[in-house]
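Here are my notebook entries from a browse through this model. Have the structure open beside you and follow along.

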Amino acid sequence: MPDSTRARHRTGTGLGLLLALVLGAVLLTALPEDDGGDGACSPRTVRAWSADERLTSEFARYGDDASRTDDWTGGDGTHSVRLPDGRVLWLFSDTYLGQVYGPPNPVGESYAWRDTAAPMVRNSAVVMREGRLESTLPAPLFPDPAPGQWRWPVAARVEPRSPGSSEEVLRVVLWVRTAGQAPWIYGVPTATEVATVSLPDLRVESVDKVFDQQLVSDPSRRVLFGTTLVEEDGFTYVFGGDDRRAASRPASHAYVARVPEGGLADPGAWEYWDGEEWAAGVRPRAVLGDGRRTGVGSAFSVVRDGRTYVLFTMAAGGAGLTTVTSYWACSPTGPWHGPAKDFSPSLPEGQVAAYNPQTHPELSEDGRLVLSYDVNWLETNGAAANLSRNVSLYRPRFVTVRLASGG
């Protein structure tokens, strides 16, 4: 395999979501829509943000720990879920394992580094207890479904094994992608699956396909669900996006499905917003994105603040390499307002970019919302070598955000 091809494979979700999917929009200054008369839904904007050094440093500490050679040393696609026993499970897409060595690196720079032959797997899961990362589950946690295909875990939640059941399981939404040619060098979107994971031992019991896109001939029109989940009134709202950027289109679109609590692994329980109503077995209709000024990438996140839904993603155009922006709405189906404001978290030196802003409500408190973003080498050529030369690059960073009402 040529070095350039190997580099593209080894940086998977990172620049795939950045260059193929990322686009965005920010918290807004529009007038609020009808909120059903309870007066609780109103515009949201970012009042302030600051770096969360504690969380960022914890991933650096764990990744640099040289006591094991089969644990996480870097990854992207950062998602988290709190388990019933209080632990937090962190889910990652493309992940480096292997040994990390202290500085200087082989070219004399003061960076911790790994050998370029270190193993890379398509997904991983790391367990945190009381704020401290303690172990990596055997990786990859979710095996490849077929030759030339792989699974990237996205959002997850604990729910009843079936509607009304007293037994809880962990459900993890997975994206299936298939190896492809340019412009699909990061994989052709193929299907959305849901894994059922037992508690508390975190054993993968089954994987069910819930939304197959293989019959959609145009890959840019294929939708993958699960970039973010929001729970409300007995339903899980599952957001997703298409890959319009990979097809040289100026904006991607956001979609939403809903599933009754306990039904995530049941394909028949999924309903999709078709522009007028929720229905099973229909082609979903976009709830956000006009193909020009507004839109999202598949790597976006939605959180509720009171009765208001807030969506975070990367900004449109060139700012999408550095800048987080957002929208708000009073319903998962919209209308979504924005963009109107953004912020640019810090980045390490080098040809790097930020992507995949994800909220972590289970770690948020006192009015502060924890948000992570991933970092990757900007150019595919030489990416693997640069990520190994400085292991701190390919790891999540964290900020805390304070929201305020109004524009």
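Which cysteines form a disulfide, and how far apart are their sulfur atoms? I found Cys 41 and Cys 330 paired, with 1.8 Å between the sulfurs.

**Ground rules.** I am working with a predicted model, where local features need pLDDT of at least 70, side-chain atom pairs count only at pLDDT 80 or more, and totals for chains, interfaces and linings use all residues. Residues are numbered from 1 along each chain as its sequence is written, and side-chain values use heavy atoms, with hydrogens and water left out.

**Entry 1, the disulfide.** I searched the whole structure and got one disulfide. As a reminder to myself, such a link is a covalent bond between the sulfur atoms of two cysteines. The link of Cys 41 and Cys 330 is left-handed, with -90° about the S-S bond. It ties distant parts of the chain together: Cys 41 sits in the loop between helix H2 (12-21) and strand S1 (44-51), Cys 330 in the loop between S20 and S21, and 289 residues separate them. My helices (H or I, at least four residues) and strands (E, at least two) are DSSP runs, numbered from the N terminus.

Next I checked burial, where buried means under 20% relative accessible area, exposed over 50%, and partly exposed in between (1.4 Å probe, protein chains only). Cys 41 counts as buried because its relative accessibility is 4%. Cys 330 is buried too, since its value is 15%.

I noted a cis bond joining Pro 103 and Pro 104, with omega about 5°. Pro 104 belongs to the loop between strand S5 (95-96) and strand S6 (120-121). Another cis bond joins Gly 338 and Pro 339, with omega about -5°. I placed Pro 339 in the loop between strand S20 (324-329) and strand S21 (342-343).

Is Leu 202 buried or exposed? Leu 202 counts as buried because its relative accessibility is 8%. Its phi is positive, about 55°, although Leu 202 is not a glycine. I located Leu 202 in the loop between strand S11 (188-197) and strand S12 (204-212).

Asp 366 also went into the notebook, with a positive phi near 55° in a residue other than glycine. Its loop runs between strand S22 (352-359) and strand S23 (369-377). Asp 366 counts as exposed because its relative accessibility is 58%.

I found Met 314 in strand S19 (residues 308-314). Met 314 is buried because its relative accessible area is 0%. Its C-alpha atom is 7.7 Å from that of Phe 300, 14 residues away along the chain.

Technical notes: A disulfide is a pair of cysteine sulfur atoms within 2.5 Å.
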